[in-house]
Protein chains: 2
Amino acid sequence: MTISLHSPLDMHIHFREGDMMRLVAPLSAGPFAGGVIMPNLVPPVDNIARLEAYRAELDEAIAGESFEPYMTLFFRNYSEAELAAAKDKILGIKLYPAGVTTNSEDGVRALEEAAPTLSLMEEMGIPLMVHGETDGFVMDRERDFISTYDLLARRHPKLRITMEHITTRDAVEFLDRYPNVFATVTLQHLVITLDDVAGGLLNPHLFCKPIAKRPEDREALLHAALSAHPKLMFGSDSAPHPRNRKESAGCAAGVFTAPLALPRLAMLFEQHDALGNLQAFVSGNAQAIYGVRPPAKTVELEKSPFEVPSSYGDVVPMYAGQTLDWSIRSIA
Amino acid sequence: MTISLHSPLDMHIHFREGDMMRLVAPLSAGPFAGGVIMPNLVPPVDNIARLEAYRAELDEAIAGESFEPYMTLFFRNYSEAELAAAKDKILGIKLYPAGVTTNSEDGVRALEEAAPTLSLMEEMGIPLMVHGETDGFVMDRERDFISTYDLLARRHPKLRITMEHITTRDAVEFLDRYPNVFATVTLQHLVITLDDVAGGLLNPHLFCKPIAKRPEDREALLHAALSAHPKLMFGSDSAPHPRNRKESAGCAAGVFTAPLALPRLAMLFEQHDALGNLQAFVSGNAQAIYGVRPPAKTVELEKSPFEVPSSYGDVVPMYAGQTLDWSIRSIA
């Protein structure tokens, strides 16, 4: 059995910088035709000079690959001139509520402060991507943030808002409430729950933010993905950390999935007789939502075993050392 | 400020065997006058010969200390003769539902199979200690087990049943439903929630089973402990693992608290103006529930700084390298 995917997109990726970028960026740029590159570096990508330098570093890391990096800026209050200068270089601006996720300490404290820039983005047609968690109890953070999404969507009805890496049934249900609200979902949140992270031995390599939730949450996410809900896009949130930052007393959040995401998704969609919806989930929906036209690339996947490496460099991937049912047969 | 505790008891401890026992047993036997020693070794302590050998090893490890080890057997179906031979050597029998906690693979599959032995224990006055979790979703396991406790308590109304290391509001509320139901609670479940384990960086040293739950659960546990609920006893569930079994890709469950439990409890009870109830929580309640008479030992605690070591041997304790407000001043 095979399936050909046309220009698959990863709408949420962490490429990091330096050596780590040189390791991981090619692993995404091979099988994907494009992806949304997160700006939460230290310091964050929050001005044109930093954006251009980061893009140049990235172009070098993936030289020769047919891959479109959709760049993003880290949210702060930008002037109209800044936004005008950035508009053609970015797909959107990523907002991190202060302090809740990796390197987001510089994020905005309150949406009120953000209103002027959000209004400019709305007028200028610049999408907003949001890490939607409060600083409350870890299992409630996303659900408790829904009221903020609600406020945002109502106050800025023409602003395109993407709820990044949703993990709950509440977020899935919220998708249908406003026409200007969209979402990405990761691979891991379609297949694991908190049980896989902490139900047996504690597995740091499955620890991410937002944390994997309850079985009923996974079911809602999976149903939306398998049915290719038109407002839902695949975004791996693939987030590499060196092994010693994961297998440690203070384990960093992030699951590394980029090189195995497409085989695992094919396996998942096949198991649920939904292979026909995979194209929309990994590319079509994102093209429609953002109006992007990624480079032509055909990835042929086949139902044959793929043994996931135990590590890529010093980064341990999801399913390290395990065998998946599907593999990439060719990329053209 | 000082407080003198008389014969403090730790009603749930893991002493392990061999080198680990020689490291950790003295750390409990110093400040405590006695404790309930868990039988989930490999192989389990489930016969008299193993029990006596384990007790002998333990006596050697704590030679010179005034500490009464209250031994337990690992639950299996025992004959009346076996129970009669064991009765004076144990405080009770510990039941692990199959497969849910460390080394409990040999636990019973279904309580129905256990009924004959439970009836014998009831007649002979041998208490039952239970690791009360189902194999369901990790945040629901204890709550879902309550119906099993309910069945046990009704079917065996004279069997003394201790819900070990309770972690939920549901379990606290269940305490008052039957006269023959009691509970232990750990230090960590009085002070942490899942947020401390997985809300920031993932902290393997706070990972235990049952996993720390929600804020409202902690509040219910804390209220019961601070008010010295007469059916609730302190049981640390102090569970040492070498560092490389914690800071690893598959982190073992257990928090090591024995050497700092009394100072931290004094600090906690003082913060809530409840120092007057600490004696009952750490000794009186257990003496009343089990009818035990531990050796005389007076532990004087004072409000002066105690820097918790970064490790004891190769075992990282809770609060490693942090400073607590209270310390042990003298043991006599």
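**Close-up views of a two-chain predicted model**

**View 1. Helix α1 of chain B crosses helix α2 of chain B.** α1(B) passes α2(B) in a right-handed crossing (the near helix is turned clockwise from the far one by less than a right angle; helices are DSSP runs of H or I, at least four residues, numbered from the N terminus). This is a predicted model, in which local features need pLDDT of at least 70 and side-chain atom pairs count only at pLDDT 80 or more, while totals for chains, interfaces and linings use all residues. Residues are numbered from 1 along each chain as its sequence is written, and chains are lettered from A and ligands numbered from 1 in the order in which they are written. Helix α1 (residues 18–29) and helix α2 (residues 48–61) of chain B pack at an angle of about 65°, their axes 9 Å apart (axes are lines fitted to C-alpha atoms over the stretch in contact, and angles run from 0 to 180 degrees between N-to-C directions).

**View 2. Residues of α1(B) meet residues of α2(B).** Met21(B), Arg22(B), Ala25(B) and Pro26(B) face Glu57(B), Leu58(B) and Ala61(B) in contact (C-beta atoms, placed from the backbone, within 7 Å).

**View 3. Chain A touches chain B.** The contact takes 23 residues from each of chain A and chain B. On the side of chain A, helix α8 (residues 194–198) gives the largest share, three residues.

Key: Two residues are in contact if their C-beta atoms, placed from the backbone, lie within 7 Å. Helices (H or I, at least four residues) and strands (E, at least two) are DSSP runs, numbered from the N terminus.
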